[in-house]
Amino acid sequence: MRNDIFVFLASIMWIYLSLDLPAQTRWSVQERSDTAKTYQLIYQKDFKDSLAYQAWLKAYKIAKQKNGYLELNTYTQAQTTYLTLGARHTWAYIRSSTLPTKPRKWQNAPFSLSALEEYKQKILTFAENNGHPFAQIRLDSLAMQDNKWRGVWEYAPHLLVRFDTVIIVGKVKVKPRFLNQYLRLGIKQPYNHAKIQAIRTRLQRLPYLRLQKPPDVQFIQDRAMPVLHLTQIKANQFDGIIGVLPNENQRGQVLLTGEANLLFYNIFAQGHSFKLQWQRLQTETQRLELQTGFQTLFNTPLQFHIDFKLWKQDSSFLNRTFEAKLGYTTQGSSDFFAQFLNQKSNLGNASNLYENAQLPAISETRWQGYGIGYKVQTLDDLFFPRAGVLCVFSIHTGNKEIIKNRFLADSLYRGLTLKTPQTLSKIDFQSFWRVGKGVIKAGLQGAYLANNQLFQNELLPIGGLTSIRGHNQNAFLASQYAILTAEYRQPIGGTSYLFMFFDQAYYESRTWNGFQADAPSGVGLGASISLKAGIFSLAYALGKSKENAFALNRAKLHFGIVNRF
């Protein structure tokens, strides 16, 4: 065995020594000033060839010239370059009484043409972002004495230009005034070129508009009118399922079940939105969500959103949640929110609790919280992203109150604090990037409900198509959870694609009288196909939890069609 190892290592050594590896040459640089009589070695390094060395030497000479050595002279002999620096040129002063910003101090700074050009661009950028897109600047009265330079900045702001109404090219249902406000192009406000450059990023956040070409600006005297070539995108959505079943509680009657989702964008051509989600998949159990949003509240840069949720769980309890958000969007891709949350839970048929000897797992509660939120969105396409990030984070905190039930004895509440602080934090992160012709999606959903006296009707529902595929909708109730998602999408033409996915979760359910934890997961594949009628999606998923292992007879088939109009 040892002989075999020795032969193997010797073979590797022989192959390595027999390779025709390119030789490297050592180059050196020696430098002296005008007053020095001899050169000093300042740099020595091996380079694979003369081209690599010349590239390094060029960069070194440019750095020296930027430091004021304008008379630098070199010659090369064998593998050594000799540099004579010459005199160092500096500034005595540059006068600048008319510049729009605080002037830079040039005294004793090295004379550098690149530094002058950078400073000119800085002044011109400031000017075009403050109403003067036609400003000019030049260096005048340039003179030198004893290697000290003097000069004067001559600056001409020219006409003060202000924004006017946006010009829209294309058949789109949107009011120019809304775009002026949304894009921060306030009419009669000084022209700002940075806002023109931010138009594409800002419009990518609107699902119903698409910019066909880079924005242009039409200048007429002292007015600047941004020109936008836009296309209308079908973004409004409707999908639903309706079922009619016999009503087991009332003979001869039927029970309406199903699910409906309705989403409107750009209501009244002013960017308002409205969302409705209704779900009734079990007897006497319903979910309802209503949401409306205003992108430019009262023609200001502020957003305003209202969200109302209702969850009725048979005759057990009824949860109502009201949330209001006041937001501000930066010129880039971020939103900041101040938020208010009001949540109340009522028991259904509470009279049957009269003879309870212990406190039930559900209870009436009331919670009012205040918080902040943050959203960043850099997706290249809201509906079919191939690159970019979407991240939403929020945190609420406030006091929760346990409401005593009049059918229960006061003694059952002994040991509980009726008013306690409660905090809810949530995060939803999605990242997309291209890999060859495909797209990889990585996601994280998480939440943490912090309170040591939680009841089951306060817990957060997870599971199903939007969280852990392969499990029933809202199959798990959690006080805290984290869900990791990995998904690969393979385009098959247009906006259609095949995909395979893996969801891995961990959750804890910590209530006042119990604790449980699990790590459910889901794996599967599916397709999203663009049709004339809408987007047809189909996913086949297997789920695993502490109670159930992966099994084909428990596979879930998620499918639906979303109509866009």
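**Close-up views of a predicted model**

View 1. In strand β7, the bridge partner of Leu139 is Trp153, where strands are DSSP runs of E with at least two residues and helices are DSSP runs of H or I with at least four residues, both numbered from the N terminus. The model is predicted, so that local features need a pLDDT of at least 70 and side-chain atom pairs count only at pLDDT 80 or more, while totals for chains, interfaces and linings use all residues. Residues are numbered from 1 along each chain as its sequence is written, and side-chain values use heavy atoms, with hydrogens and water left out. Strands β6 and β7 pair in the antiparallel sense over eight bridges, two strands being counted as paired if DSSP finds at least two bridges between them. The two strands form a hairpin with two residues between them, and Asp146 in the turn has a positive phi of about 55 degrees.

**View 2. The sheet that contains β7.** This open sheet has three strands in the order β5-β7-β6, with mixed pairing; its edge strands, each pairing on one side only, are β5 (90-95) and β6 (136-145). From one strand to the next, the twist averages 25 degrees, with axes taken as lines fitted to C-alpha atoms, for helices over the stretch in contact, and angles running from 0 to 180 degrees between N-to-C directions. Strand β5 runs parallel to β7 (residues 148-156), to which five bridges join it, and Ile94 has Gly151 in β7 as its bridge partner.

View 3. Once neighbours within four places in sequence are left aside, Val152 is in contact with Ile94, Arg95, Arg138, Leu139, Asp140 and Ser141, a contact being heavy atoms within 4.5 Å. The C-alpha atom of Val152 is separated by 64 Å from that of Ser530, 378 residues apart along the chain.

View 4. Five bridges join β3 to β4 (residues 80-84), the two running antiparallel, and Tyr75 stands opposite Tyr82 in β4.

**View 5. The nonpolar cores.** A nonpolar core is a set of buried Ala, Val, Leu, Ile, Met, Phe, Trp, Tyr and Cys residues joined through side-chain atoms within 4.5 Å. The largest such core has 23 residues, of which Leu179, Leu183, Ile199, Leu203, Leu209, Leu228 and Leu230 touch the most other members. Two or more residues are given to this core by each of α4 (176-182), α6 (199-203), β10 (209-211) and β12 (223-232). Apart from its neighbours within four places in sequence, Leu183 is in contact with Ile199, Arg202, Leu203 and Leu228. A second, separate core of 16 residues includes Leu341, Leu454, Phe476 and Ala478.

View 6. Most residues other than glycine have a negative phi. In the loop between β14 (254-267) and β15 (272-282) is Phe268, which counts as exposed at 64% relative accessibility. Ala269 is also found in the loop between β14 and β15, but is buried, with a relative accessible area of 18%, and has a positive phi near 60 degrees. The C-alpha atoms of Phe268 and Phe111, 157 residues apart along the chain, are separated by 59 Å. Phe298, whose place is in the loop between β16 (285-294) and β17 (302-313), has a positive phi near 55 degrees and counts as exposed at 71% relative accessibility.

**View 7. The protein as the setting for these views.** The protein has six helices and 31 strands. Its radius of gyration is 34 Å, well over the 24 Å that the globule rule gives for 565 residues, so the protein is more spread out than a compact globule; this radius is taken over C-alpha atoms, and the rule is 2.2 Å times the number of residues to the power 0.38. Along the principal axes, the C-alpha atoms fill a box of roughly 110 × 90 × 60 Å. Of the 565 residues, 38% count as buried.

Notes:
Buried < 20%, exposed > 50% of the residue type's maximum accessible area, 1.4 Å probe, protein only.
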